[in-house]
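The tour begins at one residue and then widens out.

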Amino acid sequence: MRDVLDQMIAWGVPMSDETERRLRRYGELLAEWNERLNLTAIVETREMWIKHFLDSVAIAQVPAWRDVAKRGGRVIDIGSGAGIPGIPLAIGWRSVSFVLCDASRKRVQFVEHVIGDLGLSNVKALHARMEELGRQPGMRGSFDAAVARAVARSNVLLEYAAPMLRLGGRAFLYKGPSYLGEEEQDAVRAARLLGARPDGLTTYALMDDQGERVMAVFQQVEPCPKRFPRKPGTPSRQPL
Ligand SMILES: C[S@@+](CC[C@H](N)C(=O)[O-])C[C@H]1O[C@@H](n2cnc3c(N)ncnc32)[C@H](O)[C@@H]1O
């Protein structure tokens with residue numbers, strides 16, 4: 001995977017022997033546990049490295065992420081599943097603290113196992129729904145950044161993310177090219193209601209022609225109104 005690691009380095013991902021070892025081990029654990037838990041459709045090693053790991057750390061290219069990394073911020077991964085993008089990010093940026101949240105207990109148990117096996121002291125796994133976490137004291141308004149991949153449409157994701165962000169904090173949404181159009185318009189409208197505004201788009205291509213990606217960034221510019229998030233299930237049933 002030398003060429004994939006080289007692409008990560010070119011994008012500005014901090015890299016050491018330990019980073020490389022942890023990524024390899026995470027790949028092994030995903031493949032091993034996948035047989036029992038059905039964690040990912042991608043099992044071939046190179047495809048996993050490109051579509052999961054390289055895609056996760058592509059955030060290194062976004063200038064706003066460098067601010068988060070520099071300040072050793074606190075980041076929530078919304079609907080982290082088996083740990084994407086949170087685990088590769090926590091492997092790369094050891095001075096940033098991560099909370100990986102998911103509503104599926106078995107996926108959270110897998111992530112807890114990964115944290116222990118890899119010795120990732122900068123990550124906590126949390127079994128919760130975002131609609132509940134967004135109302136929890138100590139959690140609401142306490143994050144410098146939120147990241148999310150393959151969880152929901154952007155207007156839904158923003159209702160999960162905005163309540164978690166401190167003023168000035170940012171949401172980084174991992175999307176495909178289909179974001180550009182109706183989804184983007186809906187997201188911008190939802191952001192306005194939530195006290196956030198668009199803060200740039202970064203497009204990039206994965207190696208081996210594995211696809212184009214769009215990273216949509218939003219910044220929290222006003223406190224998120226208290227009525228958000230609405231109760232569990234409402235954001236996805238009646239998106240803003
Ligand atoms: C398709 S998986 C994607 C997982 C991972 N982010 C990835 O890119 O591989 C979506 C995950 O979001 C979680 N999820 C969906 N809605 C959620 C909510 N409201 N609160 C917490 N987790 C949620 C699901 O349990 C599921 O594990």
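Select Ser104. This residue sits in the loop between strand S2 (97-102) and helix H6 (105-118). The model is predicted. Is Ser104 buried, exposed or partly exposed? Its C-beta has 15 C-beta neighbours inside 10 Å, so Ser104 counts as partly exposed; a buried residue would need 20 or more.

In an unreviewed entry, UniProt lists Gly79, Asp102, Ala103, Ser104 and Arg149 under "binding site".

Go to Arg149 next. Strand S4 (residues 143-149) holds Arg149. Here 22 other C-beta atoms lie within 10 Å, so Arg149 is buried. Which residues does Arg149 contact, leaving aside its neighbours within four places in sequence? Show Ile84, Pro85 and Tyr174: these are in contact with Arg149.

Zoom out to the whole chain. Along its principal axes, the C-alpha trace spans about 45 × 35 × 35 Å.

Colour by burial. Of the 240 residues in the chain, 44% are buried. Then draw the contacts with a separation of 6 or more: 73% of them join residues 24 or more positions apart.

Finish by colouring on confidence. Mean pLDDT for the chain is 96, and 100% of its residues reach 70 or more. The model scores are ipTM 0.99 and pTM 0.97.

How values were computed
Residues are numbered from 1 along each chain as its sequence is written. This is a predicted model: local features need pLDDT of at least 70, side-chain atom pairs count only at pLDDT 80 or more; totals for chains, interfaces and linings use all residues. pLDDT is the predictor's confidence in each residue, from 0 to 100. UniProt positions are given in the numbering used here, feature names are shortened, and annotations may be inferred rather than shown by experiment. Helices (H or I, at least four residues) and strands (E, at least two) are DSSP runs, numbered from the N terminus. A residue is buried if 20 or more other C-beta atoms lie within 10 Å of its own, exposed if 12 or fewer, and partly exposed in between; C-beta atoms are placed from the backbone. Two residues are in contact if their C-beta atoms, placed from the backbone, lie within 7 Å.
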